[in-house]
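Here's a quick briefing for anyone meeting this structure for the first time. Have a look at the model, then read on.

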Amino acid sequence: MRHILSAVALSALTFVSTLSHAEVKVQDAWVRATVAQQKSTGAFMRITSTEPTTLVGVRTSAAPVSEVHEMKMEDNVMKMRKVDPGIAIKAGEALELKPGGYHVMLMDLSKAMAAGSQVPLTLVFKDAAGKESTVDVNAEVRALNANAPAAMDHGKHKH
Ligand SMILES: [Cu+2]
């Protein structure tokens, strides 16, 4: 089957991918700024799809390793783990990637991410039939303390 994919930019931060069936929309994508020596950070966004799909991965030139993560309290400790095989998205229901919850983890960073810069992310989705599609977004790097609970420290990673 031929894979037809086109991306239309609605704004700097909003892209729409039109597949033969599903339309996946990514809004308000952002990455938390880092300080020198910091090896990882989180990327956040809001994803909606017209059809059920699963966010299975992320590719980016900005970090050697990128994973889809879940963060939650376990025995009074905030823990993060890679979500395998991915995060299911229901048709018409928004998936929020936000500090303290699901997020995209950018790891093994070699340089600091400065507030105001842009990070290109390619989100990889798999539909119910197992067909992969991608959506490209540019995430804006926002200040370290932007909308972030202090508890979310990516430096103390537990998998
Ligand atoms: Cu993480």
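**Strands, a metal site and a ring pair**

Strand E3 (residues 23-32) and strand E12 (residues 132-142) run parallel to each other, paired over 3 bridges. Strands here are DSSP runs of at least two residues, labelled E and numbered from the N terminus (helices, H or I, need at least four), and two of them pair if DSSP finds at least two bridges between them. Keep in mind that this is a predicted model, where local features need pLDDT of at least 70, side-chain atom pairs count only at pLDDT 80 or more, and totals for chains, interfaces and linings use all residues. Residues are numbered from 1 along each chain as its sequence is written, and side-chain values use heavy atoms, with hydrogens and water left out.

**Around strand E12**

- E11 and E12 make a hairpin with 4 residues between them, and Gly130 in the turn has a positive phi of about 85 degrees.

**The copper site**

- Which atoms hold the copper ion? They are ND1 of His69, SD of Met80, NE2 of His103 and SD of Met105, at 2.1 to 2.3 Å.
- Donors are N, O and S atoms within 2.8 Å of the metal (3.2 Å for Na, K and Ca); water is not among the atoms, so sites may look incomplete.
- Angles among the 4 donor atoms span 83 to 128 degrees, and the site is classed as irregular.
- Along the sequence, the donor residues follow the spacing H-x10-M-x22-H-x1-M.
- His69 belongs to strand E6 (residues 65-74) and His103 to strand E10 (residues 103-107), so this pair ties together parts 34 residues apart in sequence.
- His69 is buried, at 0% relative accessibility (buried means under 20% relative accessible area, exposed over 50%, partly exposed in between, with a 1.4 Å probe and protein chains only).
- His103 is buried too, at 0%.

**The aromatic pair**

- There is 1 aromatic pair, counting rings of Phe, Tyr and Trp (its six-membered ring) with centres within 6.5 Å; planes under 30 degrees apart are stacked, over 60 edge-to-face and the rest tilted.
- Trp30 and Phe44 have ring centres 4.7 Å apart and planes at 40 degrees, so the pair is tilted.
- Trp30 is in strand E3 and Phe44 in strand E4 (residues 41-49), 14 residues apart, so the pair links distant parts of the chain.
- Trp30 is buried at 4% relative accessibility, and Phe44 is buried at 0%.

Technical notes. Four donors count as tetrahedral if all angles lie between 85 and 135 degrees; four count as square planar and six as octahedral if opposite donors are over 155 degrees apart and all others between 65 and 115; anything else is irregular.
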